[in-house]
Amino acid sequence: MSYKIISKFIKDVSFEIPSLESFALLEKEVSKYNVNFDIKSNPFKNNIVEVNTILRLVPNQDVKNKILTEINYATLVSLVDVKEKKDLEEIILIKVPTEVYPKIYSIFVYLLEKSGIKNVKMEKEVDFRKLYNEKKGS
């Protein structure tokens with residue numbers, strides 16, 4: 001079982017600061033946001049699959065002036081000798097997101113900084129295996 005990343009690209013970016021209040025309060029309220037991941041895959045052709053790793057910054061109910069952020073980072077992956085569903089899930093839901101997350105993180109931080117938002121902390125490391133196991137256990 002193996003895979004090779006053929007290509008990576010930003011498929012979609014949504015980044016909205018809808019008001020001055022949202023901007024002004026973000027540094028203070030950023031702890032009330034959760035980082036959320038969604039991973040989707042679509043078969044392409046000849047053992048090639050598109051893996052979409054989607055990062056969202058999701059505010060909890062206490063946040064009145066919300067910002068809206070989402071990055072969909074697509075990865076084309078060539079699958080080699082993958083026969084078991086378990087192996088395919090591991091590649092799509094753990095290995096590929098782990099490999100591309102540093103790039104998604106840097107894009108996200110870049111957008112925040114260029115938008116004038118400083119001192120926003122976000123997990124630089126994400127354990128996709130742990131997230132996968134937690135989701136599978138529920």
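What covers the buried residues of α1? Here are my notes on that and a few other things, keeping in mind that this is a predicted model.

1. **The cover over α1.** The answer includes strand β2, residues 33–45. The buried residues in question are S22, L26 and E29, in a helix that runs over residues 20–29. If you look down the axis of α1, these buried residues fall within an arc of 90 degrees, so they line one face of the helix. Now turn to the face pointing away from that buried side: there you'll find L20, A24 and K28, which are exposed.

2. **The sheet.** β2 also belongs to an open sheet of four strands, in the order β1-β4-β3-β2, and the pairing is antiparallel. As a bit of background, strands of a sheet pair through backbone hydrogen bonds, either parallel or antiparallel. Here β1 (2–16) and β2 are the edge strands, each pairing on one side only. On average, neighbouring strands are turned by 15 degrees against each other, if you ignore direction.

3. **A pair of strands to look at.** To find your place, pick out L55, which stands opposite I71 in β4. Helix α2 packs on the sheet and touches β1, β2, β3 and β4. The direction of α2 makes about 140 degrees with that of β4.

4. **F37 and Y101.** The model has four aromatic pairs. One of them joins F37 and Y101 edge-to-face, with 5.5 Å centre to centre and 75 degrees between the planes. This pair links distant parts of the chain: F37 sits in strand β2 and Y101 in helix α2 (residues 85–114), 64 residues apart. Are these two buried or exposed? F37 counts as buried because its relative accessibility is 18%, under the 20% cut-off. Y101 is buried too, with a relative accessible area of 3%.

5. **F37 and F128.** F37 has another partner, F128: the ring centres are 5.1 Å apart and the planes are at 70 degrees, so this pair is edge-to-face. Again, distant parts of the chain are linked, since F128 belongs to helix α3 (residues 128–137) and lies 91 residues from F37 in strand β2. F128 counts as buried, at 3% relative accessibility.

6. **Putting the rings together.** Which residues form the aromatic cluster? F37, Y101, Y105 and F128 make up one cluster.

Conventions: Residues are numbered from 1 along each chain as its sequence is written. This is a predicted model: local features need pLDDT of at least 70, side-chain atom pairs count only at pLDDT 80 or more; totals for chains, interfaces and linings use all residues. Side-chain values use heavy atoms; hydrogens and water are left out. Buried means under 20% relative accessible area, exposed over 50%, partly exposed in between (1.4 Å probe, protein chains only). Helices (H or I, at least four residues) and strands (E, at least two) are DSSP runs, numbered from the N terminus. The arc is that of the directions from the helix axis to the C-beta atoms. Contact means heavy atoms within 4.5 Å. Rings of Phe, Tyr and Trp (its six-membered ring) pair if their centres lie within 6.5 Å; planes under 30 degrees apart count as stacked, over 60 as edge-to-face and the rest as tilted. Two strands pair if DSSP finds at least two bridges between them. Axes are lines fitted to C-alpha atoms, for helices over the stretch in contact, and angles run from 0 to 180 degrees between N-to-C directions.
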